[in-house]
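Subject: Structure for you to look at

Hello,

Here is the structure I said I would pass on. Please open it first, then read the notes below it.

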Amino acid sequence: MGNHEENSVRPESAEEAGATTAGRIAGQLGRWGDLAVGTAAETEEATLHVFAALRSVVSRRRRAVSDRAVAGATGVRRRITELADRGAAERARGRGLLAAGLDAAVAAVATSPVLEQVVDAQLERVLRPVVGAVLDDIVDMLEREPERIRSLVRSQRTTMVDEVVSRVRSGAAAGDGNVDRLTSRVLHQGPPAPPPSEPQ
Amino acid sequence: MTAPARREYAGLVSRSIAYVLDTMVVMFFVSGAVAVILVVAAVAGAYARDLAIAAASAYVLVLPAAMAVYCAVFWLLAGRTPGMALLGLRVVQTDGRPVRWFSALLRGVLLVCFPIGALWLVVDRRHQAVHDKVARTIVIRPMVPDGAHEVAMPRVPQDAYAQETLGD
């Protein structure tokens, strides 16, 4: 009898125990979930801190590198400019030296006694016979055909005389015109009739 | 067929230059002749020397006469004296014909005896001096047609010429 009661009581306690155990297990599981969520949140925060620190470090490094690059480029540019200036100066100096050297060389060659002897020898050997022969030919030609040079001289003389006469006439005509304008302005005269043409 | 050459009246400057040139030519020859006479007279003797002195004294009279004859002869033969030829001038009668002997002689004598009358050409419309008026002559400058040696002279417009008549 007592077992039966115990048995009748036991099922109730077992159910309660089961329920308690289940509740305990559920509580345990909830705790573990909270733990996981908390761990994940902590991990996320730590990760964010780590990445922020990394970004900061990288940014600093990059800025430092950029500053160094800018400074280096400016220095290179300045150096290039200096080199270009020096190159231009050296080239001008080289040209001056070259010109001076050429002048000196030409002066030395031109005033060299050896060259003078060479030129004199060539003149004696080539030029004088040629000039003599040409002059002889010209004199012979003028002896044969004197009219050519005479007509040339005559035409030249005629041209000069014509030019002088033309200048005198044009100057006198301009003077006449000026006097005519003055007198016509003073006397209020109109232009005269044209002179009669020569009868045929 | 060529167009007739234009003409225009010669003015004071051209005619004065020509007159001075002709005077210099006449003076040169007359002075040379007088010098030759003096030299010959110095060699010939007392009578010739007196004659030479008289000739030299008459230089003042001989020179204008020589000038008149010189001008008249050249105007009659060529229509221009050497000085006028250099300036490109020519003397013709008012009708355009060449100068006759009487007009040339009269013109030459008047020019020499009354040279101040030449200034009348300044105020005359056809640039006729007193000796031109008396001898009925004019002094012209023949203009060479365009393209040749043309004298640079201010021209009067042809329309203005057309309004005038030749008879006045």
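Two strands are said to pair if DSSP finds at least two bridges between them. Strands (E, at least two residues) and helices (H or I, at least four) are DSSP runs, numbered from the N terminus. This is a predicted model, in which local features need pLDDT of at least 70 and side-chain atom pairs count only at pLDDT 80 or more, while totals for chains, interfaces and linings use all residues. Residues are numbered from 1 along each chain as its sequence is written, and chains are lettered from A and ligands numbered from 1 in the order in which they are written.

Chain B has seven helices and three strands, in the order β-α-α-α-α-β-α-α-β-α along the sequence.

Strands first. β3(B) pairs with β1(B), residues 6-9, in the antiparallel sense over four bridges, and R7(B) stands opposite P142(B) there. β2(B) and β3(B) also pair in the antiparallel sense over four bridges, with R90(B) opposite I140(B). A residue is buried if 20 or more other C-beta atoms, placed from the backbone, lie within 10 Å of its own, exposed if 12 or fewer, and partly exposed in between. Five of the seven residues of β3(B) are buried, so this strand is largely enclosed by the rest of the structure. Of the 168 residues in chain B, 32% are buried.

Next, two helices. α3(B) and α5(B) pack at an angle of about 145°, with their axes 8 Å apart (axes are lines fitted to C-alpha atoms over the stretch in contact, and angles run from 0 to 180 degrees between N-to-C directions). Two residues are in contact if their C-beta atoms, placed from the backbone, lie within 7 Å. Among the residues that meet are C71(B) and W75(B) in α3(B), and A104(B) and R107(B) in α5(B). Leaving aside neighbours within four places in sequence, W75(B) is in contact with T81(B), V91(B), V99(B), A104(B) and R107(B).

Last, the core. A nonpolar core is a set of buried Ala, Val, Leu, Ile, Met, Phe, Trp, Tyr and Cys residues joined through C-beta atoms within 7 Å. Which residues touch the most other members of the largest one? Of its 28 residues, they are C71(B), W75(B) and V139(B). α3 (146-187) of chain A is one of the elements that each supply at least two residues, and α3(B) gives the largest share, seven residues.

Regards
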